[in-house]
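Please look over the sequence and the 3D structure below. A briefing follows, grouped by topic.

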Amino acid sequence: MLNIRIKSLEDTERLAKILSNLIDKKCLITLNGDLAAGKTTFTKYLAKYLGVVDTVNSPTFNILKEYNSNKGTFYHIDAYRLEGSEEDLGFEDIFYEDNIIVIEWAEFIEDFLPNDRLVFDIKLEGLERIVSIESKGETYYNILEEIEKEW
């Protein structure tokens, strides 16, 4: 597990840029953290560096938004409203295709997620954030190591 201290928006943008350079055409990223921890801000920066030209905002009411990026289809999912849901979500297929997927509030759909993913836990600590990054499964372990080297 890698822990990174984020002291500014510039640090958030830098982390997103580093990650964007390490992503190929398939990546599943989950973002967990308190309200206002910076999940959507991180997602906006990541989308920017992946070449998404559309405005990226929280898909809270839509749950899922789809964008075109330089590296393929970019999906942004906000699972906040899915807490306690037992029904078929209908978008699990995208997890196994060549897509870049960012899921906010992923803990609410944990049972539906593939084992292999890159997990970001963001904790507020005063005006700073502590970002803990973990590779679940072996698929993303190299990305985790590269983030650590470049940070």
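Predicted model: local features only at pLDDT ≥ 70, side-chain atom pairs only at ≥ 80, totals over all residues.

Residues are numbered from 1 along each chain as its sequence is written, and side-chain values use heavy atoms, with hydrogens and water left out.

**Overall fold**

- The protein chain has 3 helices and 7 strands. These are DSSP runs numbered from the N terminus: helices are H or I with at least four residues, strands are E with at least two.
- Along the sequence, the pattern reads β-α-β-α-β-β-β-β-β-α.
- The protein chain has 151 residues, and 50% of them count as buried. Buried means under 20% relative accessible area, exposed means over 50%, and partly exposed lies in between (1.4 Å probe, protein chains only).
- Take the contacts between residues at least 6 apart in sequence: 61% of them join residues at least 24 apart. A contact means heavy atoms within 4.5 Å.

**Aromatic pairs**

- The structure holds 3 aromatic pairs. Rings of Phe, Tyr and Trp (its six-membered ring) pair if their centres lie within 6.5 Å; planes under 30 degrees apart count as stacked, over 60 as edge-to-face and the rest as tilted.
- One of the pairs is F42 with F120: the ring centres are 5.2 Å apart and the planes are at 40°, so this pair is tilted.
- This pair links distant parts of the chain, with F42 in helix α2 (residues 39-49) and F120 in strand β6 (residues 117-125), 78 residues apart.
- F42 is buried, at a relative accessible area of 3%. F120 is buried too, at 1%.
- Another pair is Y67 with F74: centres 6.2 Å apart and planes at 50°, so it is tilted.
- Y67 counts as buried at 5% relative accessibility, and F74 counts as buried at 0%.

**Charges over rings**

- The charged end of R14 sits over the ring of W151, 4.1 Å from the ring centre. The cut-offs are NZ of Lys or CZ of Arg within 6 Å of the ring centre and within 35 degrees of the ring normal.
- K39 lies over the face of W105, at 4.1 Å from the ring centre.

**The largest pocket**

- The largest pocket holds about 170 Å³ of space. On a 1 Å grid over the protein atoms alone, a pocket is an open set of points where a 1.4 Å probe fits, with protein on both sides within 12 Å along at least five of seven lines; lining residues have an atom within 4 Å of a point.
- The lining has 16 residues, and the closest to the pocket centre are I6, T12, A37, G38 and R129.
- Elements giving two or more residues to this lining are α1 (9-22), α2, β6 and β7 (128-136).
- T12 lies in helix α1. T12 counts as buried at 12% relative accessibility.
- Beyond its neighbours within four places in sequence, T12 is in contact with I6, T41, F42 and Y45.

**Helix α2**

- Which residues of α2 are buried? They are K39, T40, F42, T43, Y45, L46 and A47.
- These buried residues pack against α1, β2 (27-33), β4 (72-78), β5 (100-104) and β6.
- Just after α2, G51 takes a positive phi of about 90°.

How values were computed. Points joined across faces, edges and corners; volume = space filled by probe spheres on them.
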